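User: I'd like to learn how to read sheets and chain contacts in a model. Could you walk me through this one?

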Amino acid sequence: MKKYLLNVSVLALAVFFFSGAGEEINAPAAVVTKVVNTAQYKSSAGKWVDLKTGQALSSEDMIKTSGKSLVVVKFTDNSVLKVRENSQVKISTLKKDKNVSKTVDVDKGSVNASVTKQDQQDFKFKSPTLVASVRGTSLLFGVGVDSTNIDLENGRLFCEAQLGKQESGDLNEQETVLVTPEGSFKPRQMTEEDKKRFNNSAKSNVKKVILKTPQGDIVIEYLDN
Amino acid sequence: MLNYFLKIALFLLLPASLIAQVSNFVTNVSMTEAKEGSELTVKVDLTNINDISEVIFLYRVFGTSEFTRKDMELSGGTARITLLPEDLRLPSLEYYFIIETRNNGEETYPLEAVANSYLNVQVQPRSAKDDEVIVLNPEPGMPMQNDEMLITLSLLKASDEVDKSKTKIYVNGTDLSADLFIAEDLVILTGDNLVSNLRTGASNSMRVELYKKDGSAYHAYTAGFNVSDKVGKKVEGIPLEYYVNLRGESRNETVRETNRWYNNISLDGKATYGAFDFDAQVYATSEEKGFLQPYNRYKFGVYNEYFRIIGGDYTPGYQSLVMNGKRVRGVTGSVHLGFFNVQASYGEINRGVDGTIAEILGPNASLLGSDKVLLADGNVARVNQGTFKRNVFAVNPYFTAGETFKLGFTYLHSKDDKTTAQYTRQPQENVVAGTDLTINLDDNKIQLYAQGAFSVLNKDIETGDISNETIDKVFGPNGAFSGNSEDIKKIKDILSQFITFNQFLSPLKPEELSSLAYEASLALNYFGNYFKGTYLSRGFDYNSFGNNYLRTDVSGFNLFDRVALLDNKMFLSLGYERLEDNRNKTKFATTAFTNFNASISYYPSFDLPGVILSYSRNENNNGILSTDPDIQRRTYGIDDYTNRFGVQVTYRFFAGYNHNLSATGSFASRKDNTVFKFDANNTMLGLNYATEWSKSLQSFLTLNMSNNEIINGSLNTTQTFNITSIVAGAKYYLMQNKLVLNGSVAPTFGDLKRYAFDASALYYILQNLSLQLQVRYLVNDGFANDSIVGLTSRYELR
């Protein structure tokens with residue numbers, strides 16, 4: 001009887017944790033639609049391998065790019081993430097019913113994001129110094145050695161500094177902010193230089209050099225900034 | 001991007017129904033899929049181009065009796081127009097064409113349109129299920145790159161009924177479902193099979209089929225996309241990207257034993273420099289003649305987030321009562337500041353063309369009549385009038401708050417330049433002032449629109465403003481009119497700042513509001529029910545040079561209701577309209593135009609046929625009976641009704657290959673109860689059948705039958721006009737799509753007999769350089785055969 005009750009309790013706990021507000025499935029929730037130059041990919045339990053167009057990405061998968069490289073990732077809700085050169089990111093997703101919560105951990109480098117209008121969905125960008133929650137936004141999220149910079153073209157972001165004073169607040173469109181380990185949150189209007197930086201980050205143009213050789217053409221493709 | 005849309009449009013035009021009727025000018029009509037919420041592009045292939053001055057597209061949506069007229073864009077041997085999504089409404093669109101000729105004649109297409117027998121296209125409902133398929137790649141509106149051939153879909157929003165693992169995908173008609181990688185919501189298609197089935201440098205199609213868990217069909221989503229090798233070219237050192245498309249055509253026609261050459265060249269390009277976009281289009285043709293309205297076209301534009309400036313030939317969009325569908329050769333500019341915005345246009349809408357002397361009548365002949373002029377040598381001559389250069393200025397400041405609110409004011413001034421046309425009389429001038437208001441609430445589920453405009457027209461400004469001396473003579477105690485001459489002078493001083501003030505001004509009595517036009521509509525979209533009610537009123541004097549085609553002297557209402565039933569599988573549409581003329585009581589009888597429409601559409605599933613059954617009744621009555629005691633009055637009687645029954649079936653199915661079948665049938669009967677007893681009967685049957693055998697081969701078969709009977713009951717005579725036409729053809733891609741062959745045979749039987757043979761070969765010498773040879777040969781019955789041979793070269797600089 002005790003054993004039976006134990007089994008029922010375990011079953012009930014399992015039902016409680018695994019159903020609840022809705023199914024939570026760790027399924028592929030993004031796909032790589034463009035790879036320029038060289039980039040690598042690592043699944044949560046795997047090794048770094050070359051990344052190719054069409055690769056499905058599941059939660060905890062990582063991407064890193066080299067110089068003059070670019071990776072375009074599309075999530076199932078049509079949000080777009082452009083991983084710029086010399087960057088490394090980890091993508092975490094969690095599906096609940098018809099919504100997907102997404103978190104992009106930017107270890108280094110920068111990402112440009114064009115995020116569809118979220119209903120109940122959660123899209124976060126994280127760095128060691130900052131967490132930004134997104135709703136309907138185009139932004140550039142850049143992580144330096146000990147700082148994080150965000151240029152916000154439109155929409156609104158809620159930002160929380162992770163270190164020092166741990167200040168938080170909203171970043172409005174056409175604003176930029178630099179968050180350091182000191183933890184202050186002081187947005188300012190984007191300057192022309194900031195806008196230029198943002199516009200460059202949104203581009204995904206590719207240049208090609210074709211070397212004609214007796215053995216055939218060698219095509220060298222690289223990201224054009 | 002422009003090129004991309006052009007290619008997509010060309011592709012989508014192909015599988016649409018090809019309409020073959022007998023005409024002196026139209027050889028073929030094709031259109032993109034008519035779908036609710038989407039644009040519709042209509043393309044007409046023309047012959048005898050030298051005789052055509054304009055092609056007008058006339059259409060009416062379900063539930064209305066009034067045809068909207070729009071000028072088509074003429075370019076070489078084709079005329080083209082794109083209707084906006086709001087111009088389409090379930091279940092169908094009725095349309096026909098008027099081809100205006102240079103000798104001031106006109107012909108309709110189809111010919112039977114003069115007997116109220118029009119063409120009809122079924123409008124497919126936009127399914128809410130389309131939103132359940134999110135296309136991640138290729139991005140909608142963007143071309144797929146040939147080195148990144150990948151199709152990815154997200155089924156995140158798909159219904160729980162759908163078994164995602166059963167998803168099927170067809171690319172250019174080939175089933176590639178076996179190559180799909182489906183991981184939960186993600187559907188990925190890549191690999192050699194996809195690459196070998198795509199057409200680089202051309203348009204492609206994909207069809208995604210979703211199935212329920214029990215294997216039954218749930219929904220089919222279709223989309224077109226282009227595959228290109230490069231998007232554009234960049235200039236070193238500066239942020240400039242551009243493309244240029246150059247096209248040249250030489251065409252020889254032998255029609256009615258008259259041989260003519262047509263040559264034209266077109267250039268279009270687009271460039272982006274930082275935050276600015278530029279485009280330019282030039283079309284120059286040998287048909288351009290100084291004594292005709294312009295055939296050449298040119299346009300250049302600069303666009304930015306905050307402003308745009310367009311020079312050359314452009315059709316600006318203002319509130320429809322004031323200016324709609326009118327090409328302006330000049331400058332159009334707009335500034336977008338968010339809440340406050342303004343747009344303005346200035347240029348000519350008619351070119352000045354001299355009239356010609358038809359006959360010298362001598363010095364003592366009467367000058368009465370608009371076609372008589374006094375020559376410098378004292379002779380009076382009868383003339384064929386020319387056209388004055390007509391300038392227009394329009395300005396439209398407007399205020400917006402997102403999509404929720406818009407309030408605009410429009411002012412238009414248009415005036416003929418009387419120095420620009422010899423032997424031409426009665427230059428005119430027109431002023432229109434209008435306002436429009438849009439309020440959209442609850443996510444556009446409630447849409448309120450209202451507009452009004454007041455016009456003043458001067459029908460002859462040749463003599464300029466009336467002089468104060470003349471006013472003194474005409475008005476007052478000693479004049480012919482009783483008005484106070486001082487008051488008239490004050491009115492003149494004010495009005496002459498806007499428009500030439502003389503005796504030819506109308507309205508003569510502004511207080512009667514005979515030149516006022518207004519309309520208001522309310523649309524509600526709740527619970528699968530779309531309702532729209534419209535009230536309109538336009539005085540007989542209303543006249544805007546920016547929209548000459550507007551029906552005036554009409555007032556009344558229009559009600560339309562569409563109910564979606566059975567989970568959007570069935571649509572019931574009802575329309576009722578009642579319009580009357582004689583708004584200002586200027587006629588001795590008022591005619592009521594009553595129009596009732598009912599239709600039921602059933603689309604059970606994408607793998608089953610869709611069916612539309614429709615009924616309409618039009619009644620026109622002015623209350624004058626055929627038994628009226630006044631025999632003269634009887635002849636002014638209007639008392640007729642037309643009943644029309646229709647059925648349409650469309651069926652897309654896969655039976656080894658992709659098949660697209662549509663069949664239509666309609667029967668109309670008109671009963672005239674006046675003394676003339678002009679009754680008419682019309683029966684139309686149509687069949688379109690297209691098959692996509694592979695990515696390389698497509699075929700089509702079209703059959704149209706039209707039987708017409710016009711009965712003159714008073715004379716007891718009956719005229720019949722029966723035509724049956726068949727078009728059978730195929731399109732074949734060879735040499736890895738470098739060569740595209742097209743051919744068709746089209747015999748016509750009945751009261752008009754002929755055989756039409758069409759063949760074309762398009763060859764890509766290089767990826768960006770192509771040559772196309774087109775041949776059309778008509779074997780006529782009773783007169784000489786016709787031939788058309790055209791050679792077109794296209795070069796794209798990217």
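This is a predicted model: local features need pLDDT of at least 70, side-chain atom pairs count only at pLDDT 80 or more; totals for chains, interfaces and linings use all residues.

User: In what order do the strands of the open sheet in chain B lie?

Analyst: A sheet order lists strands as they sit side by side. In chain B, four strands line up as 1-2-6-5 in an open sheet, with antiparallel pairing. Strand 1 (26-31) and strand 5 (73-75) of chain B each have a single partner strand and stand at the edges, so one side of each lacks a neighbour in the sheet. On average, neighbouring strands here are turned by 20° against each other, direction ignored.

User: How many bridges join strand 2 to strand 6 of chain B?

Analyst: Bridges are what tie paired strands together. Strand 2 (residues 40-46) and strand 6 (residues 78-83) of chain B run antiparallel and are joined by six bridges. To find your place in the viewer, look for B:Val44, which stands opposite B:Ala79 of strand 6.

User: And how many residues are in contact between chain A and chain B?

Analyst: Count each side separately: 18 residues of chain A touch 16 residues of chain B. On the chain A side, strand 2 (residues 30-36) gives the most, with three residues. By class, that side has seven nonpolar, six polar and five charged residues.

User: What does the secondary structure of chain A come to?

Analyst: Two helices and 18 strands. Of the 225 residues of chain A, 35% count as buried. For contacts within chain A between residues at least 6 apart in sequence, 43% join residues at least 24 apart.

Note on methods
Residues are numbered from 1 along each chain as its sequence is written. Chains are lettered from A and ligands numbered from 1 in the order in which they are written. Two strands pair if DSSP finds at least two bridges between them. Axes are lines fitted to C-alpha atoms, for helices over the stretch in contact, and angles run from 0 to 180 degrees between N-to-C directions. Two residues are in contact if their C-beta atoms, placed from the backbone, lie within 7 Å. Ala, Val, Leu, Ile, Met, Phe, Trp, Tyr, Cys and Pro count as nonpolar, Asp, Glu, Lys and Arg as charged, and the others, Gly among them, as polar. A residue is buried if 20 or more other C-beta atoms lie within 10 Å of its own, exposed if 12 or fewer, and partly exposed in between; C-beta atoms are placed from the backbone.
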